[in-house]
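Open the model in your viewer and keep the selection panel at hand. This tour goes stop by stop, saying what to select next and what is there.

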Amino acid sequence: MKSLLFAECFKLFRQSKTYYAVASLLIIEGIILISAYFEGTNIINILLDNLRKTFYLKGNLLNGNLLQYLVLNTLWFHLPLIIMIVVSGMLTAEYKDKTVQTIFLQPVRKWKWILSKYIIAVGFTAFIVGLLFITSYWLCNVFFGKGDLVVYLDGLSFFSAKDASNRIQWAFLAGTISMVFFAVSSLTIAVILKDVTKTWIVCALFLIICNVLLKIDLGTDWLNQFSFFKLNDTWQYFFQYDIPYSRIWLNWLISLFYIITIASVGIIIFQKRDIG
Amino acid sequence: MISGINISKQYLGIKVLNDVSIHCQSGQICGLLGANGAGKTTLFKILLGLVTPDSGNIIVEAASKKRIGGIIEKPALYEYLSALDNLRIFASIQQLPTNRTTLEKYLLRVGLPLNRKDPVANFSMGMKQRLGIAIALLNNPSCLILDEPFTGLDPMGVVSLRSLIRQLTQEFQLAVFLSSHILEDLNQLCSRLYVLQNGKLIRQGNTQAIMLECTQQYIITAKNLRQSNMLHQWEHQLQGDTLKIHIQPTQVPDFLSALALEKIEITSCIPQPDLLLLFEGGKE
Amino acid sequence: MRNFFLSFWLLISSSNIFSQGVDESLIKMRQRIDSVNSFQVNLQLETDISFVNMPVKRAVMQWEKGKPVQFTSKDFILLPKKGLDFSLSSLFEYPFVTLVRGITTQQGQTIKEMNVIPADRRADFSIATLWINTSLRRVESAEISTNKDGIYFLQMHYRLPTDFFPDRVEVKFEIEKIKIPLNFMGKGTRVDKEKMKADGMKSGKIFLNMSDYIIRKIGG
């Protein structure tokens, strides 16, 4: 298994498209940061307008923590799209180039090979989110400094600089789990469809549907709590003043269940299908 | 040794292979001849385990973990990687050593240069075929299956690849199956021939015997053919130094002797098997 | 002539009202304030506003006679516009009169309730009500109706009877509930129109806990 993981990792990081994807994400992050900086003043003014009548506001809220929070808010559509393209490409490219045939002309177990792809997909996703976290943390704090964070979620919440930093870290972790869900889904879609373009289209459709359904009230508490698309904003719980840890752990557990189920479906389908 | 026994396969109601049995011994090169769509590739995919047959068995006598190596259609390589890195990938997934010395040995085995570090996308078709064979031979399989390996090669490439296949078969005592729709390639390499048509085996046996059975015409080139006095006895077409003559294989030695007596300088004598006859079906 | 005498009498009467001036208790309290040149104190700020969540903040407050109050803090802090100057010096910036409303006794202490009414349009409040502890010469609580910033109420708590400056001040004020454009709303925010209409002005509180006073008196 280790050798399969090594091979997948080797292939992934020797392809130029991986670096294009990483560069794209860094560029997107930069653009979001710049626009967040200019929008940030506006946002703060709107949020704090009422308070200014009664209070003097002393301190700088337009700081690295706020910008990193704004980056967080906008990242969760662009990031999964690119991750899905790269991850699904790990398999569709092999079908297109027929290297999947060459692989199975060697003594390799099908389920092990496809499982190694899933594992590397998860690792790559975590790496990408980690990279974005580190770069955004560095850029935001170096250029804009640290400070308190103000968030509007059913009321204005102010978090001290250290508290905000911790919450942002946890939010990135929560976001990583959501991104892993999308990565694994894209690989399963690739197993089913095999074709590059069809897989991209279906992945994009899946992402859009998830984002739309995330904001819709499904009517019942059960559906609103346990549907897989409703779990993708678990990161926001870290910005409630009192963090509902039990709810977050439950969401993560359910997400893990979905991830394992979707991966298992992909592995079973791949195992059953002929390569030729 | 590799045997496929009573193999059948059907796709969407269409029988692409109908009770096909083939066999190849160690150190032997067997050919599979058939037109496009005859079922050659499907049969090879079944032998290689890429496709499950509807019925039939595959028997391979092999000592190593990897029993069969092969190339289906054209060699599928990681075009963005170099030859060495391709070998590294395929070697590593089989837990083979991936040190540089070992990998270079594989390259030398198939006559590939060691100094090419560029991606395989830049390689010629012949080089890609060689690399594909190198990958197929990783882990020392006892059988090798090559699906139309000469496709896309120039004449020099074909000659070179034929020589390589012969050499590897003898050196490693491989049981080799190769397919082509070009008779000349199979005639030169294969000791045993299977002819496939519409998923059915219509002929099998010694290649030379099959060729002779279906040959009623030869192309003879000689410098001064027009000077021959005996051509009128045969149905023939003469164009310049090239003679197309309808003659039975058993009569060819006498005919060539007679030409030699007439001081005709023969440069080649190539049998032209009748494809219609070949694919009409025959006997074992 | 009649009109002249009437106007003259009214003038004398009104000047008598102004010459009533300032209650003695207030004067004594102000004398205590006036003896202080400056002070510095460590502040701990706690907010109690229904739609604001904020952790306890720390700041250092510096007050100097005749100068605006200064604050230093590493954190972001919300400082109530009114109520930080618990010396209430802003009430006495311009001419004013006092009107005693009543005297009560609380826990053995005499508390005088009086209105402070500004006599100058430049004052930023319309009326203030002070509850002054006449024995200890200090303000126990105050309600101030500002011209622009609504009504706020201060409740002072003192550690010792001899303390002039409080160790805890509750500032209660009115504040309009925050209205945020929809596109800034985050997860779980449901727009309840009826509730939004019903929400008007809310009351909020800030608790200031003071410690480690450094007081510089005049001549000292």
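**Stop 1: paired strands in chain B**

Select strand S10 (residues 215-222) and strand S13 (residues 266-273) of chain B: they pair in the antiparallel sense over six bridges. Strands here are DSSP runs of E, at least two residues long, and helices are runs of H or I, at least four residues long, both numbered from the N terminus. Two strands pair if DSSP finds at least two bridges between them. Pick Ile219(B); its bridge partner in S13(B) is Ile270(B).

A note before moving on. This is a predicted model, in which local features need pLDDT of at least 70 and side-chain atom pairs count only at pLDDT 80 or more, while totals for chains, interfaces and linings use all residues. Residues are numbered from 1 along each chain as its sequence is written, and chains are lettered from A and ligands numbered from 1 in the order in which they are written.

**Stop 2: the domains of chain B**

Colour chain B by domain: domain 1 is 2-198 and domain 2 is 215-278. These bounds come from an automatic or database domain assignment. The two domain centres, taken over C-alpha atoms, are 37 Å apart.

**Stop 3: where chain B meets chain A**

Show chains A and B together. In contact are 26 residues of chain B and 22 residues of chain A; contact means C-beta atoms, placed from the backbone, within 7 Å. On the chain B side, select helix H1 (40-48), strand S5 (68-71), helix H2 (83-92) and helix H4 (125-136), which each give two or more residues. H2(B) gives the largest share, three residues.

Now bring in chain C. Two pairs of chains are in contact, and chains A and C share the most contacts. Chains B and C do not touch, and their nearest C-alpha atoms are 44 Å apart.

**Stop 4: chain A as a whole**

The order along the sequence is α-α-β-α-α-α-β-β-α-α-α-α. Its C-alpha atoms fill a box of roughly 75 × 45 × 30 Å along the principal axes. Of its 276 residues, 42% count as buried. Buried means 20 or more other C-beta atoms within 10 Å of the residue's own, exposed means 12 or fewer, and partly exposed lies in between; C-beta atoms are placed from the backbone.

**Stop 5: the largest nonpolar core**

A nonpolar core is a set of buried Ala, Val, Leu, Ile, Met, Phe, Trp, Tyr and Cys residues joined through C-beta atoms within 7 Å. The largest has 183 residues; Ala121(A), Ala183(A), Val184(A) and Val176(B) touch the most other members. Select helix H6 (residues 161-193) of chain A, which gives the most to this core, 17 residues. Centre on Ala183(A): leaving out residues up to four places away in sequence, its contacts include Ile83(A), Met84(A), Val87(A) and Ala121(A). Another core, of eight residues, lies apart, with Tyr218(B), Ile220(B), Ala222(B) and Ile264(B) among them.

**Stop 6: Val100(A)**

Is Val100(A) buried or exposed? Val100(A) counts as buried because 23 C-beta neighbours lie inside 10 Å. Find Val100(A) in helix H4 (residues 99-104) of chain A. Then select Ile275(A): Val100(A) and Ile275(A) are 175 residues apart in sequence, yet 7.3 Å apart in space, C-alpha to C-alpha.
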